[in-house]
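Me: I would like to work through this structure one feature at a time. Please give the general idea where there is one, then the case here.

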Amino acid sequence: MDNNITISLKEIMSYIPHRYPFLLVDKIVDFVKDESATGIKNVTINEEFFQGHFPGDPVMPGVLQIEALAQTAAVLVVKSLGEKAPKNSGILFTTINNVKFRKPVVPGDTLNLKVKVLKNKLSIYVIEGIGYVDGQKVIETEFSAMIYDKDVKKSIK
């Protein structure tokens, strides 16, 4: 079983298409194939979104925290599929449920992004995502995503 695997930024970029300023995972510090992953997002004042969210009182937008969890989950799914990953496929959100923001995420924080596969059927994944800063839960959600064929824009079955 793949366990305690670290995935570098360069490798993350080989699995998902996101790039600056929208790449929100700096590395994966734990990976268990088909089960779970833990990503790291180092939050710095240099992030473009802090210019407007909020001047003088910077807070990482909740939607970007959700996106960081989703990117971590996408790496988990694509790396787990390995050679079985369909050519020219992508991963898209289908639902986001039960989001709870527990504490603001601010510059200087290290956001630990823990994702766990709850269910997988065909090309649909249901994922639990929880974010922590200094051991305290700052966000929790459950979301689903599907693998789709970029050429035909439909789910791969």
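Reply: The model is predicted. Start with Lys 137, which is partly exposed, with a relative accessible area of 33%. Lys 137 forms a salt bridge with Glu 140, and the closest N and O atoms are 3.9 Å apart.

Me: Which residues are linked with Lys 137 in a network of salt bridges?

Reply: Side chains of opposite charge can pair when their charged atoms come close. Here Arg 102, Lys 137 and Glu 140 make up the network. Glu 140 also pairs with Arg 102, with 2.6 Å between the closest N and O atoms. That pair links distant parts of the chain, 38 residues apart: Glu 140 lies in strand β6, and Arg 102 in the loop between β3 and β4.

Me: How many salt bridges does the structure hold?

Reply: There are four. One of them joins the side chains of Glu 47 and Lys 41, at 2.7 Å from N to O. Glu 47 is buried, with a relative accessible area of 13%, and Lys 41 is buried at 3%.

Me: How are the strands β4, β5 and β6 arranged?

Reply: β4 and β5 run antiparallel, joined by nine bridges; Val 117 has Ile 127 of β5 as its bridge partner. β5 and β6 also run antiparallel, with 10 bridges between them, and Tyr 132 is partnered by Lys 137 in β6. Each pairing is a hairpin with two residues between its strands. Leu 122 in the β4-β5 turn has a positive phi of about 55°, and Asp 134 in the β5-β6 turn has one of about 50°.

Me: Why is β5 described as largely enclosed by the rest of the structure?

Reply: Seven of its 10 residues are buried, so β5 is largely enclosed.

Me: And how should I read helix α2?

Reply: An α-helix has 3.6 residues a turn, so residues three or four places apart point the same way. α2 has 20 residues and reaches 29 Å from first to last C-alpha, close to the 28 Å expected. Because 17 of the 20 are buried, α2 is largely enclosed by the rest of the structure. Gly 82, with a positive phi near 55°, follows α2.

Me: Which residues touch the most other members of the largest nonpolar core?

Reply: Ile 12, Ile 28, Met 60 and Leu 111 do, in a core of 36 residues. The largest share, 11 residues, comes from α2. Beyond its sequence neighbours within four places, Met 60 contacts residues including Lys 41, Phe 49 and Leu 111.

Technical notes. Residues are numbered from 1 along each chain as its sequence is written. This is a predicted model: local features need pLDDT of at least 70, side-chain atom pairs count only at pLDDT 80 or more; totals for chains, interfaces and linings use all residues. Side-chain values use heavy atoms; hydrogens and water are left out. Buried means under 20% relative accessible area, exposed over 50%, partly exposed in between (1.4 Å probe, protein chains only). Helices (H or I, at least four residues) and strands (E, at least two) are DSSP runs, numbered from the N terminus. Two strands pair if DSSP finds at least two bridges between them. A nonpolar core is a set of buried Ala, Val, Leu, Ile, Met, Phe, Trp, Tyr and Cys residues joined through side-chain atoms within 4.5 Å. Contact means heavy atoms within 4.5 Å. The expected span of a helix is 1.5 Å times one less than its number of residues.
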